Number of protein chains: 2
Amino acid sequence: MGKVWFQLSVSLDGYSAGPNQSVENPIGVDGMKLFAWQFALEAWHRMSGLEGGEVNASTPVFEEAMSSYGAVVMGRNMFGGGRGPWSEDPPWTGWWGDEPSYHTPVYVLTHHARDPVPMKGGTTFFFVTDGIESAVAQAKQAAGDGNVLIGGGPSVVQQALAAGLVDEFELHVAPVLLGRGERLLEGVGTPEVEQIRVVEAPGVTHLKYRVVGRPE
Amino acid sequence: MGKVWFQLSVSLDGYSAGPNQSVENPIGVDGMKLFAWQFALEAWHRMSGLEGGEVNASTPVFEEAMSSYGAVVMGRNMFGGGRGPWSEDPPWTGWWGDEPSYHTPVYVLTHHARDPVPMKGGTTFFFVTDGIESAVAQAKQAAGDGNVLIGGGPSVVQQALAAGLVDEFELHVAPVLLGRGERLLEGVGTPEVEQIRVVEAPGVTHLKYRVVGRPE
């Protein structure tokens, strides 16, 4: 069996997005600072069809995050297309172009039903309206022996953690204080965790934990 | 010139103390979990007059924190003795016995004036009633070329960070979620920092940062 995990960048003061999120600023004001370590990587440049970038201690961490899953769960905000019922003209198919880099089934948690959207390269977006447990269960079945990645954003990660559905998680701790925004580890209860891996890299530390128990 | 720094344990969700702090539970409910890494150390046992304990990657980090300062600043709550005017009968002289392990001047931030209290072994407690800038300035003068350690608790650390008085800090990130309590990095603005050292150790990661700038 695979594991259910998430990986997300957080500020030193615990935010995964800045304040005032909008279409122009999807991660909020200064939220992009959390991802500076990622945008510097050659692996990220390559994935985005760009030249250049660095190879450093973050490279294997990033490559693992981008590849080690057989299915993905994400929230409606991360998938995009605005709030409320889905527009049909034109239909929103995500931020990732005709051939998203997921190459797996992706389960989008939403309040609004919609037929599956198959994309080039093996990605199919499924829309789940009956909650996080159902989304993770469907993703597990699709992933088979592979892992399920909770892609984000913070709200979906919180729902999965609070529901006891997460086996492992990795925090990319950026040397940034945002002061305000959307906290990551809030409202998730007090799961018992153990530290399983630390990677020091330029401008970020990658901290990986296993969830070993939950209080009654 | 020395530097002004602090080091403090924090939970994964950013708390430096649990909820419901009291005389019996000075770090709040479950707050002691943040210090499990420290209590396991041979260096901590020795400092406390006990046998046993481990030597591991946290040992030099702990020994540095316990020794590399020429003066200390702490809050009234950390010094103890209750709130309000000082009781004279018996006079409160801290939690640390006749010979505290500081062996330096210690500046206690308080609203209530009091004459200095010299202890055995070189520790003298001075009581500062005109704010964090004054306390740090007095400590710097006393420390000479040595460092000033902001000992805690969280409130004094926050005051020092918000006032731009901190040069470096180290967070001991414990694999614990508290869910509630006293947050460390809250109300401190958005100082610019850079990551300068990461130490992976059993049951904790030590993250050290330098403050390199402050927004206007």
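Tutor: A cavity is a set of points, on a 1 Å grid over the protein atoms alone, where a 1.4 Å probe fits but cannot get out; its lining residues have an atom within 4 Å of a point. This is a predicted model, in which local features need pLDDT of at least 70 and side-chain atom pairs count only at pLDDT 80 or more, while totals for chains, interfaces and linings use all residues. Residues are numbered from 1 along each chain as its sequence is written, chains are lettered from A in the order in which they are written, and side-chain values use heavy atoms, without hydrogens and water.

Student: What is the volume of the largest cavity?

Tutor: The count comes to 3 cavities of 30 Å³ or more. A volume is the space filled by probe spheres set on the points, which are joined across faces, edges and corners. For the largest cavity, this volume is about 320 Å³.

Student: Which elements give two or more residues to the lining of the largest cavity?

Tutor: The lining comprises 22 residues, and A:S11, A:L12, A:G14, B:L12 and B:G14 lie nearest the centre of the cavity. Helices (H or I, at least four residues) and strands (E, at least two) are DSSP runs numbered from the N terminus. On that basis, the elements from chain A and chain B that each give two or more residues are β1 (4-11) and β8 (168-174) of chain A together with β1 (4-11) and β8 (168-174) of chain B.

Student: How many residues in the lining of the largest cavity are nonpolar?

Tutor: Ala, Val, Leu, Ile, Met, Phe, Trp, Tyr, Cys and Pro count as nonpolar, Asp, Glu, Lys and Arg as charged, and the others, Gly among them, as polar. The lining has 4 polar and 4 charged residues, and its nonpolar residues number 14.

Student: How many charged residues line the second largest cavity?

Tutor: The second largest cavity has a volume of about 40 Å³. Its lining includes B:M1, B:K3, B:K140 and B:N147. By class, that lining has 4 nonpolar and 4 polar residues, and its charged residues number 2.

Student: What is the geometry of the ring pair B:W96 and B:Y102?

Tutor: Rings of Phe, Tyr and Trp (its six-membered ring) pair if their centres lie within 6.5 Å, with planes under 30 degrees apart counted as stacked, over 60 as edge-to-face and the rest as tilted. Over all chains there are 26 aromatic pairs. The centres of B:W96 and B:Y102 are 5.4 Å apart and their planes stand at 80 degrees, so the pair is edge-to-face.

Student: Is B:Y102 buried or exposed?

Tutor: Buried means under 20% relative accessible area, exposed over 50%, and partly exposed in between (1.4 Å probe, protein chains only). B:W96, at 26%, counts as partly exposed. Because the relative accessible area of B:Y102 is 12%, this residue is buried.

Student: Which residue does the side chain of B:K208 contact with its polar group?

Tutor: B:K208 is found in strand β11 (residues 204-213) of chain B and is buried at 6% relative accessibility. A charge sits over a ring if NZ of Lys or CZ of Arg is within 6 Å of the ring centre and within 35 degrees of the ring normal, and B:K208 lies over the face of B:W5, at 5.2 Å from the ring centre. A polar contact is a pair of N or O atoms within 3.5 Å; within protein, one must be able to donate a hydrogen and the other to accept it, and residues adjacent in sequence count only if both atoms are side-chain atoms. At 3.1 Å, the side chain of B:K208 makes such a contact with the side chain of B:E64.

Student: Over the face of which residue does B:R114 lie?

Tutor: The distance from B:R114 to the ring centre is 4.8 Å. The residue whose face B:R114 lies over is B:W86.

Student: What is the omega of the peptide bond that joins B:D89 and B:P90?

Tutor: Most peptide bonds are trans. B:P90 is in the loop between α4 (76-79) and β4 (105-109) of chain B. The bond from B:D89 to B:P90 is cis, with an omega of about -5 degrees.

Student: What is the phi of A:H103?

Tutor: A:H103 is in the loop between α4 (76-79) and β4 (105-109) of chain A, and its relative accessible area of 43% makes it partly exposed. Although A:H103 is not a glycine, its phi is positive, at about 60 degrees.

Conventions. On a 1 Å grid over the protein atoms alone, a cavity is a set of points where a 1.4 Å probe fits but cannot get out, and a pocket is an open set with protein on both sides within 12 Å along at least five of seven lines; lining residues have an atom within 4 Å of a point.
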